[in-house]
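Please open the model in a viewer with the sequence panel showing. The stops below say what to select at each point and what is found there.

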Amino acid sequence: MDKILVLDFGGQYNMLIARRVREQHIFAEIKPYDKITPEEIAAAGYRGVILTGGPNSVYDEASPHYPAALLSLGVPVLGICYGAQLMAYMGGGVVASAENSSEYGKTLVRTQQNVLFTDVPPESVCWMSHTDYIKTPPAGFGVIAQTDKCPCAAMADEGRKLYAVQFHPEVTHTQYGTQMLRNFLFAVCGCAGDWNMRDFAAASVEKYRETLKGKKVLCALSGGVDSSVAAVLLHKAIGDDLTCVFVDHGLLRKDEGDIVEHTFRRQFNMNLIRVNAQERFLTALAGVTEPEKKRKIIGEEFIRVFEEEAKKIGRVHALVQGTIYPDVIESGKGDAATIKSHHNVGGIPDVVDFDEIIEPLRDLFKDEVRAVGEELGIPHDLVWRQPFPGPGLAIRVIGELTKEKLAILREADAVFREEVVNAGLEKSASQYFAVLTDTRTVGVMGDARTYGYTLALRAVSTDDFMTADWTRLPYEVLERASGRITNEVRSIGRVVYDITSKPPATVEWE
Ligand code: XMP
């Protein structure tokens with residue numbers, strides 16, 4: 001199997017580089033620059049190495065450097081942004097810094113004929129983000145691209161198969177970025193492009209089968225896509241040595257708890273403990289109306305329940321988590337304001353003692369996780385499930401939570417989702433659900449006055465959930481949902497549709 005090493009120098013697009021390589025059906029492994037030596041790279045049989053961008057300046061003592069031996073291994077190297085400057089520095093070229101040479105954003109680049117630029121027109125748009133620039137390429141390198149401000153936007157030493165680009169071919173703003181990466185991967189490195197997610201799943205299963213042999217492993221299963229895929233993968237590797245704990249906090253959607261239990265216990269034959277903690281969560285949440293307080297209570301209660309179960313099981317070696325790459329980025333944004341304290345299983349390791357945390361999906365994006373899930377034979381409905389927040393329906397019942405309100409919301413939400421699916425629109429919205437507001441309004445039914453709750457329907461379309469647009473669901477679908485809900489669900493007297501995007505609103509109401 002061909003593999004490419006992405007040597008990480010701390011840039012913001014590093015995972016994207018790996019993803020772009022995987023999109024070409026070539027396996028990409030990411031390693032921090034200080035965790036692998038040139039000798040280890042040579043021994044590991046990589047087809048090529050990509051040096052990522054990074055926030056530093058090569059002349060800064062504290063900035064990450066790499067032994068120049070990398071350039072003489074005979075392994076093709078592509079340096080990107082900081083990685084390009086580092087290659088120039090390693091090879092004895094000159095990197096300079098000048099305020100007036102910085103470039104940010106879309107920039108016109110002129111490329112010369114070169115294997116890296118096969119099928120790339122002489123002028124195209126690239127994405128730049130730099131202040132330092134390569135003033136003089138090292139001996140053996142020739143300049144192969146320029147911009148108005150950058151005398152060396154790309155350089156190459158074709159004999160040694162060394163290439164460097166100042167811009168970012170991995171971002172979509174670079175018009176021919178994918179083509180350039182393809183040129184490097186196929187024409188320069190000679191990759192075959194025959195890797196797929198099945199190989200990833202198989203290799204991961206094999207790896208954990210060996211490294212975790214005879215060891216007890218615990219997994220907090222929520223029934224969401226990520227933890228389900230992680231659990232099934234580990235189960236394939238170690239079978240009954242994996243115990244999954246599914247905390248049913250009573251805040252799940254209609255029938256969801258039973259579906260999770262059935263799928264994993266019956267279909268996958270997993271060692272699953274379902275903790276029915278509904279009453280416990282309701283008691284802890286009684287009288288609480290403030291959204292952040294609700295979230296905190298649920299998060300803490302979840303950890304407590306999990307901890308109690310873990311103690312009953314006794315000493316286990318490792319904890320499996322369904323962390324995926326976007327979670328890694330989000331948790332890294334330490335200085336961003338907390339809009340909502342997100343709850344997922346990320347808090348557990350602090351309170352339970354494990355030798356190891358296993359995160360098999362840490363490098364993958366959501367769609368890649370879904371592809372792995374399909375490969376592992378997880379039911380389609382589960383793999384394509386829309387995201388569901390950890391605190392569940394508690395943040396979709398506005399104000400105080402009661403058993404009765406949860407039951408009302410569960411029914412109404414199920415009707416709405418069913419109507420969206422019946423209309424074949426489940427893929428046109430990224431998320432669609434109902435919210436039970438705490439506003440009651442007057443209505444008329446038969447000849448009698450009613451005083452029921454207002455239910456809000458919400459559907460959003462988004463790529464990354466950081467921003468989202470409200471989905472323009474057809475009126476007919478909304479009409480059918482509203483008609484059925486007011487008829488079939490007791491206590492709902494009015495249905496409204498949320499037409500706010502994010503920002504200024506958020507996806508969830510609380
Ligand atoms: P917001 O409401 O912040 O939601 O715009 C963005 C996305 O995150 C989901 N969400 C959560 N997911 N734990 C989760 O695992 C949480 O506490 C949580 N809160 C919101 C939300 O459903 C949407 O997909």
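**Whole chain**

Start with everything selected and colour by pLDDT. This is a predicted model, with an average pLDDT of 92 over the chain and 95% of the residues at 70 or above. Along the principal axes, the C-alpha atoms fill a box of roughly 90 × 55 × 40 Å. A cartoon view shows 14 helices and 20 strands. The chain has 510 residues, and 52% of them count as buried. Among contacts with a separation of 6 or more, 75% join residues 24 or more positions apart.

Next, select the strands of the open sheet, whose order is 2-1-3-4-11-10-9-6-7, with mixed pairing. Strand 2 (27–32) and strand 7 (123–130) are at the edges; each has a single partner strand, so one side of each lacks a neighbour in the sheet. From one strand to the next, the twist averages 25°.

Strand 3 runs parallel to strand 1, joined by four bridges, and L7 is opposite L51 of strand 3. Strand 3 also runs parallel to strand 4, here with three bridges; L51 stands opposite G79 in strand 4. Show the residues of strand 3: G48 and I50 point one way, V49 and L51 point the other way, and all are buried.

Move along to strand 9 (residues 142–146) and strand 10 (residues 154–157), an antiparallel pair with three bridges. In this pair, G142 faces A156 of strand 10.

**Helix 9**

Select residues 291–313, which form helix 9. At 1.5 Å a residue, its 23 residues should span 33 Å, and the end C-alpha atoms are 33 Å apart, so the two agree. Residues three or four places apart in an α-helix point the same way, because there are 3.6 residues a turn. Just past the helix, G314 has a positive phi of about 95°.

**Cysteines**

Which cysteine sulfur is closest to that of C126? It belongs to C150, at 8.6 Å, which is too far for a bond. C126 is buried, with 0% relative accessible area. Then select C191, whose closest cysteine sulfur is that of C189 at 5.2 Å, also too far for a bond. C191 counts as buried at 7% relative accessibility. With a cut-off of 2.5 Å between sulfur atoms, the count of disulfides is zero.

**Last stop**

Finish at residues 332–336, where pLDDT stays under 50 and the model has one contact beyond four places in sequence. Where pLDDT is low, the predicted coordinates should not be read in detail.

Methods. Residues numbered from 1 in each chain as written. Predicted model: local features only at pLDDT ≥ 70, side-chain atom pairs only at ≥ 80, totals over all residues. Heavy atoms only, no water. Helix = DSSP H or I, 4+ residues; strand = E, 2+ residues; numbered from the N terminus. Expected span 1.5 Å × (residues − 1). Pairing = 2+ DSSP bridges. Axes fitted to C-alpha atoms, helices over the stretch in contact; angles between N-to-C directions. Buried < 20%, exposed > 50% of the residue type's maximum accessible area, 1.4 Å probe, protein only. pLDDT = per-residue confidence, 0-100. Contact = heavy atoms within 4.5 Å.
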